[in-house]
Each structure stands twice: as structure tokens, then as C-alpha cells.
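Dear colleague,

Please find below the structure that I am handing over to you. My findings follow directly after it.

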Amino acid sequence: MNRLIVSPSPHDENYTKTSTIMLNVIIALMPALIVGCVYFGLRSLLLTAVCVASCVLFEFLARKLMKRENTISDLSAVVTGIILAMNLPPTLPLWMAVIGSFFAIVVVKQLFGGIGQNFANPAITGRIVLMVSFPAAMTHWTAPFTHEVLDGVSGATPLPLAGTDKALSYLDLFLGKSGGCLGETCALALLIGGLYLAARRIISLAAPLSFIGSLFILTWISGGDPVYQILAGGVFLGAFFMATDYATTPISTKGKIIFGLGCGIFTFVIRKFGSYPEGVSFSILLMNVLTPYIEQLTRTKVLGAKEAEKNE
């Protein structure tokens, strides 16, 4: 006689493990990391190694102190370290990078319960903390290949040049031949990584496309250069690798589209009217805060279910 076994979900034994997802993200980040090391020198590799090592160490120590099962084997701390490094100038002092890693892992991730329970993207928050705490170091840029210091530029280097005679060509922006953070300059490398994740079904393109598309349209309506705006700065890095974070972004496709639209709108407003030329990190963090409300708004209604009546 066949037995019917009833057990809690998930019922699919072939579900993708967290470590497998994170390994695919690491693979997708490699093109941008390699380009960053070629353009800005081996200092970029050292900075990335310090971020990764400190993130893993802080996660190990935090889980030990909290007497929780250690989770460093799921590779999420490694991913956080790489993404944090890609959001930093190659010349940033290493001890500052360690501070960013501490905030990302301990304050944002572990104090809220660990992976899947943090309300904000750890790497983004680490970058913003460093940007507010050490603005001079976080806006110290070097030119690709020559490593010459680019002075007098606040924010992501190509953005303030938009609409001037010093504006870079679309090809230079697409290939990353500009000053900027370690992993955000080469749109081509980031696009390759993003499409790899989409092909592997690790991410949905709903949020990235609505993010990039809304920024493009708003810039075009306002009379700006939409192609320049989406290729410059950290739009591709944010859209493909931070606006698709499982823990801090909506689950449904409709929710992802709303999330991406919000990121594009906030990025446009900050770049157009704010004091920072770049606005990707702030926009994603703001939308992270709004994610629970987006989830509630786009929640799928169960067929035949009735909403509970409110007590008078």
C-alpha cells in the first residue's frame, strides 16, 4: 500500500542551495573584477581580498559570539565582500575597507538575524557609511592604466562631465575607460555578468530593466543625455547585482518592476537635484526600506480566500 507522507515545505528536493546561488554570483562578478584589476592595477585585487577576508572573518566571529550555527560556507559573506570592494575607489586605505566590511556584516546582516533577514543590502550600506564618514577618501579617483590622480571631482568621475566638452565617449564608458570605483566603470563586463545570472535563472531581469529604463526615460524627458547617464557611474552594477538581492527586494515580478522603477526615479532625482552626482546606492537603500510595503501591495491573493474581518 502506498503511503502519503505530509511534511512542511519545501517539497522540491532539487531546490538550489544558497552556496550554489552565491557561487554563480561570484562567477558573474569576475569579468568586472578582472577589468578593474587591469585598469587600476593589482591594488584593486588587494582591496578586494581584504574586503572578502574581513567580511568572512566578521561573519565567523559574529556567529560564534551569538552562539549560532556558522554560515560562512554559504559564500554570502564572500559575495558581500566582492560587491563592497567594487563600490570602493581602488586607492581607498585598507583599514577603511575593513570598517565598511564590519558595518556590512555585523551591523546590517548579523544583528538582524543573518542571511535572508537583513532589511538592507549589506554592501550598499557599507559603502554609504564609508562615503559619509570618509568623503575625501571615497572620492579619490585615479585614471585607468596611468593611475594618475583625478582631482576636483566629487562622486563618480564621468557624471559631472556630462554635457561638457570633457564628456567621455559612449565607447569609453561602455568599456570602462574612466575613473571611478573599482568594479563599476566597465558596463560591458557588468552586462556580461548580469546576463549570465539571468541565463542561469539566478536573477530576474524585471528589476534591472525597469531600473535602467526608467532612468533612461526620465533623463531623456528632462533634456539630458540618457545613454551617458546609464553608462556612467554605478547603474549597471547596482541594477544587476544589488537591485536583485533576494533578501532586500520584492519576490513577485510586479514587485520587482515597482522596485526597479523606484530605483530609477530616485537615482534621477538625486543626480538631477541632489548634491551627489551619483545616486544609485542611496536609491537602492531607499527602496530596500520600502520593500515590505511593495510586498504587501503586490501580494498574491489566494483563490477563494476571504480576508479576515476586523474586530470592531
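A pocket, as the word is used here, is an open set of points on a 1 Å grid over the protein atoms alone, with protein on both sides within 12 Å along at least five of seven lines; its lining residues have an atom within 4 Å of a point. Please note that this is a predicted model.

With that definition, the largest pocket has 24 lining residues. Those nearest its centre are Met22, Val79, Asp245, Tyr246 and Ala247. By class, the lining comprises 15 nonpolar, 7 polar and 2 charged residues. The volume of the largest pocket is about 440 Å³.

As to the protein overall, there are 13 helices and 2 strands. Of its 312 residues, 50% are buried. Its accessible surface amounts to about 16100 Å², and carbon and sulfur atoms account for 65% of that area. When contacts between residues at least 6 apart in sequence are considered, 73% of them join residues at least 24 apart.

I also examined one loop residue. Serine 252 lies in the loop between α11 and α12 (253-273). Its side chain reaches the backbone nitrogen of glycine 255 at 3.0 Å. Serine 252 is also 7.7 Å from arginine 299, C-alpha to C-alpha, although 47 residues separate the two in sequence.

Yours sincerely

Technical notes: Residues are numbered from 1 along each chain as its sequence is written. This is a predicted model: local features need pLDDT of at least 70, side-chain atom pairs count only at pLDDT 80 or more; totals for chains, interfaces and linings use all residues. Side-chain values use heavy atoms; hydrogens and water are left out. On a 1 Å grid over the protein atoms alone, a cavity is a set of points where a 1.4 Å probe fits but cannot get out, and a pocket is an open set with protein on both sides within 12 Å along at least five of seven lines; lining residues have an atom within 4 Å of a point. Grid points are joined across faces, edges and corners, and a volume is the space filled by probe spheres set on the points. Ala, Val, Leu, Ile, Met, Phe, Trp, Tyr, Cys and Pro count as nonpolar, Asp, Glu, Lys and Arg as charged, and the others, Gly among them, as polar. Helices (H or I, at least four residues) and strands (E, at least two) are DSSP runs, numbered from the N terminus. Buried means under 20% relative accessible area, exposed over 50%, partly exposed in between (1.4 Å probe, protein chains only). Contact means heavy atoms within 4.5 Å. Accessible areas come from the Shrake-Rupley method with a 1.4 Å probe; for residues, only the protein chains shown count as cover. A polar contact is a pair of N or O atoms within 3.5 Å; within protein, one must be able to donate a hydrogen and the other to accept it, and residues adjacent in sequence count only if both atoms are side-chain atoms.
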